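Here's a quick tour for anyone meeting this structure for the first time.

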Amino acid sequence: MTAVWVSADQERCISGGRCMAATSEVFDQNEDGLVVVLTPQVAPELEDRVRKAAYLCPSRAIRIGDGPSEG
Amino acid sequence: MNAPTTTANEDLFAYPQDRACPWQPSPGYQDLGRQGPLHRVRLWDGRWIWMVTGHSQARRLLADPRMSADRSRDDFPAVLPRLDAPIFKPIAIIGFDPPVHDVHRRLLAPDFSLKQVRAMRPHVEDLARRLVADMLRAGPPVDLVEAYALPIPSMVISELLGVPYDDHEFFEAKTVGLLQAKSAEDAERAGRELWDYLDGLITRKEREPGGAGVLSRLAGEVDEDGDLTREDLLRIALALLIGGHDTTSQMIALGVVTLLEHPEQLAALRADPGVLPAAVDELLRLVSITDVSGVRVATEDIEIDGEVIRAGDGVLVSSSMTNRDPAVFPRPYEFDVHRTRGGNAASGRQHLTFGFGIHQCLGQNLARMELEVAFSVLFEGIPDLRLGVPLEALPTRSGGTMQGVHTLPIEW
């Protein structure tokens, strides 16, 4: 099974906290309230919830891919 | 831009229409929702705009950068007469486009982050318990709006902003005056009084720097040549003060009504406190307190699912109806605190009560926390709570979009 990678764009982030509420194992907020990805390589059992977090993100700041991102 | 000719538009559905049940959309909206996702509706001034009732269409439109939230544009629709008041035209947080919007949002993000809100929770729990103790001491009947639903968000936003709570009767009354005004003139009068009040408050904060609260901090960051002018700060202060207490207080009130009218759901919540966050999101979905997820104007032609929204067309996204799109929410009119059970834990959070896109509610995490605390502390402290009047006799708001009750008599 191919591993899934997640990245988040702090420029797009509006600090809604939806990702952190959905998947706190993967997403956090820094002191400015902006998204931080804790584990870019997503554990298979968390993949559904990471996809959900991406769906819920109001500013579409979360990207899911099949390899590590530069962001 | 479509011509505001009343003759051509008078056959269209008249928006808004009052609810028949406090937690369900107007019967007329329900009919529209059955007909499709996009509708032409007629406003008070004769102009027509699009009303969006489809969830997928709403998400795409609210996240589309071609949709402007700029209320100072000539083609921006005034959904209600009060929204024609000059005070509403350049309103911060909800009524600016990027790049100005992004700057304002960034300034406030640390204060409204999920982490910050979680840290505030024990303090809000203490406050709610104190208010319940006061109600028990006073004895029934009590107006829950005045004794509980309004003081919680009002005290919280006062403290967060650095607005003296001693002035609460003034700013609460003026906010209701602004949001429930039936004319632009009345809205402008109430809004100007709030503006002048905040102007004076910020002047004091400028004279005595280092005070507590967001407004004190921002008063120190004002730069007439930079990103935050004094007028920007006043517009932000006004938006936060208004947005910070009225909707949440009414959501507490109508949430309590909805729970009391669904005893099996209230029992399910009591049986398992772990259900509380999901129950709050389900109540947010169902009650859709503002009944609007967002109002925009298209800046270019936008094709969506076979329709074309033309540049200059107004668009209003209905939260109560997008929150009942059966493609996303099975049994959409049912109140079910276990809606998320079995499926994905986040599925109940797809509601658009807080909007979507870059203007999604700044205070959503604060509101969720306040609601969780308000419901749990209330039903724990007064387990045999009941309505003091029949449901049909509740004095509900009418003629606008923001739902609510003027008072909520309760007994126990």
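**Where to look**

Start with Pro99(B), which sits in the loop between β4 (67-68) and α4 (100-112) of chain B. Helices here are DSSP runs of H or I of at least four residues, strands are DSSP runs of E of at least two, and both are numbered from the N terminus. This is a predicted model, where local features need pLDDT of at least 70, side-chain atom pairs count only at pLDDT 80 or more, and totals for chains, interfaces and linings use all residues. Residues are numbered from 1 along each chain as its sequence is written, while chains are lettered from A and ligands numbered from 1 in the order in which they are written.

- Most residues other than glycine have a negative phi, and most peptide bonds are trans.
- Pro99(B) is joined to Pro98(B) by a cis peptide bond, with omega about 5°.
- Another cis bond links Pro140(B) and Pro141(B), with omega about -5°; Pro141(B) is in the loop between α5 (114-138) and β5 (142-143) of chain B.
- Ser15(A) counts as buried because it has 28 C-beta neighbours inside 10 Å (buried takes 20 or more other C-beta atoms within 10 Å, exposed 12 or fewer, partly exposed in between, with C-beta atoms placed from the backbone).
- Arg60(A) also has a positive phi, near 50°, and lies in the loop between α2 and β5 of chain A.
- With 15 other C-beta atoms within 10 Å, Arg60(A) is partly exposed.

**The sheet in chain A**

- Three strands make an open, antiparallel sheet in the order β4-β1-β5 (strands pair if DSSP finds at least two bridges between them).
- The edges are β4 (41-42) and β5 (62-65) of chain A, each pairing on one side only.
- Two bridges join β1 (residues 4-8) to β4(A), and Trp5(A) has Gln41(A) as its bridge partner there.

**Where the chains meet**

- The contact takes 18 residues from chain B and 19 from chain A (two residues are in contact if their C-beta atoms, placed from the backbone, lie within 7 Å).
- On the chain B side, α4, α5 and α15 (364-381) each give two or more residues, and α4(B) gives the most, with four.
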